[in-house]
Amino acid sequence: MTMASRTGYADVLVGLQYGDEGKARIVDHLAGDYDVIARFNGGANAGHTIDAPGGALRLRQVPSGVLHPSLSLYIGSGCAIGLADLADEIAMLASRGISLRGRLIVSDRCLLVQPAHVARDRDEGGGIGTTGNGIGPCYADHATRMRGGMRVAFQLRDLVADSEAVFRQLSKPDTRAGTDAGMVTHASAIARMRAAWRTVRDFVTAEPDHLVGLVEGGARVLFEGAQSVLLDLTHGEQPWVTSSHTVPAYAYVGGDLPCKYHRKTIGVAKAIVSRVGAGPFPSELGGTRSAQYCATAAADRGARHREAAHHEPARLLASDDAFDIGSALRVLTDEYGTVTGRPRRIGLLDVAQLRMTMRQHGIDEWFLNKCDCLAWFADTPRQAIPLFDGAPHGTAEPVVREFAAFRFDALPKGREDPLPPQLDALLHWLQEAVACRLRGVGLGPARDQLRFLY
Ligand code: IMP
């Protein structure tokens, strides 16, 4: 047996809050240091946006390294695949001149999202505020395996073995759970799946050691987490979570690589926090009023345009009502769901929560996006940047620390320009508070607006 002279390694990058921290743009920046970008959890419920020449790229299932032609992309067995969505994404990328042929490899153990899963999710997921992509029912059926003597879950390898047998079974009226959706045959959705499979099957590998082989040969892998650690099925606040494991350790289950190759764990947070869907959000601006407003507005597909047309951010920012300030920040910092367009709930950076998350998941270094957005606090009545720092033991009163504000015109114009001293001081305090080195900060959405601090 010949051993590779240099073995590779893997790093894991995860979101530290409730999702949408801007992980994809960090992956895009770091991609040059890796050979493979890999997904290990979730499915089309993820929405990853990267600034690209020719306009923003919105990805759901394909790893965020697409813009780097030399990179291999891998979708691990922990992911749930929406076939038609994946085929659409491959076609969208091809139309932008990005070919995935020979670059994208998908594990044949990935779960297959069925039309019945989507229907059930849309019927029953409203209370949690799911994205309606069928991800929860898909993982649930995977664990159920059989019902009434019939298999209820399929992996891509079942399609490889006999796709027509799977499509035939999916075409049968689904009587499970007695829901209306369950009684429907999903003929048009299955026709789309059949066509999509003709595209997707060329990317599927039957080798469970595909990634292992690459790393043995020296490949450097970056695992890209979808959703974020606070939405983990077990470690998040049930039931307000996603249905997969989002914590970094899961990369070595759903990503098909032994954990002996792990090198470091990278976290991504954003300076003004958002959450879509229901669930606890201690630092939410406007508290339950905001949660209720966003839950109602989520049903309205035009909420983004309505808010843009009718909200007056300058007036709302000057209000002493936290709900108004949150509403202004949503419009000004464009916090709407990538996939669903839902208005996101807005909150302050929660330092206590971040500190705990970093300890619990062993974060080695982190990035903080959207630091430029903190400048809006200069226009609030207190003219200071508030950071939420939890409630000390024995009290119900949360601690909110205030830091000196800066204005947008103080932000660096060029690479060599310094950060505003107020932001610099805040970041120094923050690094100490969470006891983890801050590697970079986002100062705007453009590719050249990510500043590395070391
Ligand atoms: P599901 O993942 O569609 O089942 O939705 C469960 C919860 O996770 C809901 O609150 C969703 O809004 C949330 N969620 C799922 N994917 C994302 C994401 O990519 N960003 C933010 N929240 C997400």
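## Aromatic contacts

Phe 40, Phe 223, Tyr 250 and Tyr 252 are joined into a cluster by ring pairs. The model is a predicted one. Eight aromatic pairs are present in the structure. One of them is formed by Tyr 293 and Phe 323, in an edge-to-face arrangement with 5.8 Å from centre to centre and 85° between the planes. This pair links distant parts of the chain, since Tyr 293 belongs to helix 9 (residues 287-298) and Phe 323 to helix 12 (residues 322-332), 30 residues apart.

Tyr 293 has a relative accessible area of 23%, so it counts as partly exposed, because the class of buried residues ends at under 20%. Phe 323, with a relative accessible area of 13%, is buried.

## Charges over rings

Phe 323 also has a charged residue at its ring: Arg 289 lies over the face, 4.0 Å from the ring centre. A further contact of this kind involves Arg 437, whose charged end sits over the ring of Tyr 454 at 3.7 Å from the centre.

## The ligand and its shell

There are 17 residues around the ligand, and those that come nearest are Asp 20, Asn 45, Thr 131, Thr 242 and Arg 342. Sorted by class, the shell consists of six nonpolar, nine polar and two charged residues.

Which atoms of the protein lie at the polar atoms of the ligand? The side chain of Asp 20 places an N or O atom 3.3 Å from a nitrogen atom of the ligand. In the side chain of Thr 131, an N or O atom is 2.7 Å from an oxygen atom of the ligand. The ligand taken alone exposes 470 Å², and the protein buries 97% of that.

Thr 242, one of the residues that come nearest to the ligand, is placed in the loop between strand 12 (220-228) and helix 8 (251-254).

## Helix 1

Helix 1 spans residues 23-30, and seven of its eight residues are buried, so the helix is largely enclosed by the rest of the structure. The buried residues are Lys 23, Ala 24, Arg 25, Ile 26, Val 27, Asp 28 and Leu 30.

## Two leucines in loops

Leu 67 is found in the loop between strand 4 (57-59) and strand 5 (72-75). With 21% relative accessibility, Leu 67 counts as partly exposed. Its C-alpha atom is separated by 27 Å from that of Cys 259, a residue 192 positions apart from it along the chain.

Leu 419 sits in the loop between strand 18 (400-404) and helix 14 (421-434). Leu 419 is counted as buried, because its relative accessibility is 14%. From Leu 419 to Leu 443, 24 residues apart along the chain, the C-alpha separation is 9.4 Å.

Key: Residues are numbered from 1 along each chain as its sequence is written. This is a predicted model: local features need pLDDT of at least 70, side-chain atom pairs count only at pLDDT 80 or more; totals for chains, interfaces and linings use all residues. Side-chain values use heavy atoms; hydrogens and water are left out. A residue is near a molecule or strand if one of its heavy atoms lies within 4 Å of it. A polar contact is a pair of N or O atoms within 3.5 Å; within protein, one must be able to donate a hydrogen and the other to accept it, and residues adjacent in sequence count only if both atoms are side-chain atoms. Accessible areas come from the Shrake-Rupley method with a 1.4 Å probe; for residues, only the protein chains shown count as cover. Ala, Val, Leu, Ile, Met, Phe, Trp, Tyr, Cys and Pro count as nonpolar, Asp, Glu, Lys and Arg as charged, and the others, Gly among them, as polar. Rings of Phe, Tyr and Trp (its six-membered ring) pair if their centres lie within 6.5 Å; planes under 30 degrees apart count as stacked, over 60 as edge-to-face and the rest as tilted. Helices (H or I, at least four residues) and strands (E, at least two) are DSSP runs, numbered from the N terminus. Buried means under 20% relative accessible area, exposed over 50%, partly exposed in between (1.4 Å probe, protein chains only). A charge sits over a ring if NZ of Lys or CZ of Arg is within 6 Å of the ring centre and within 35 degrees of the ring normal.
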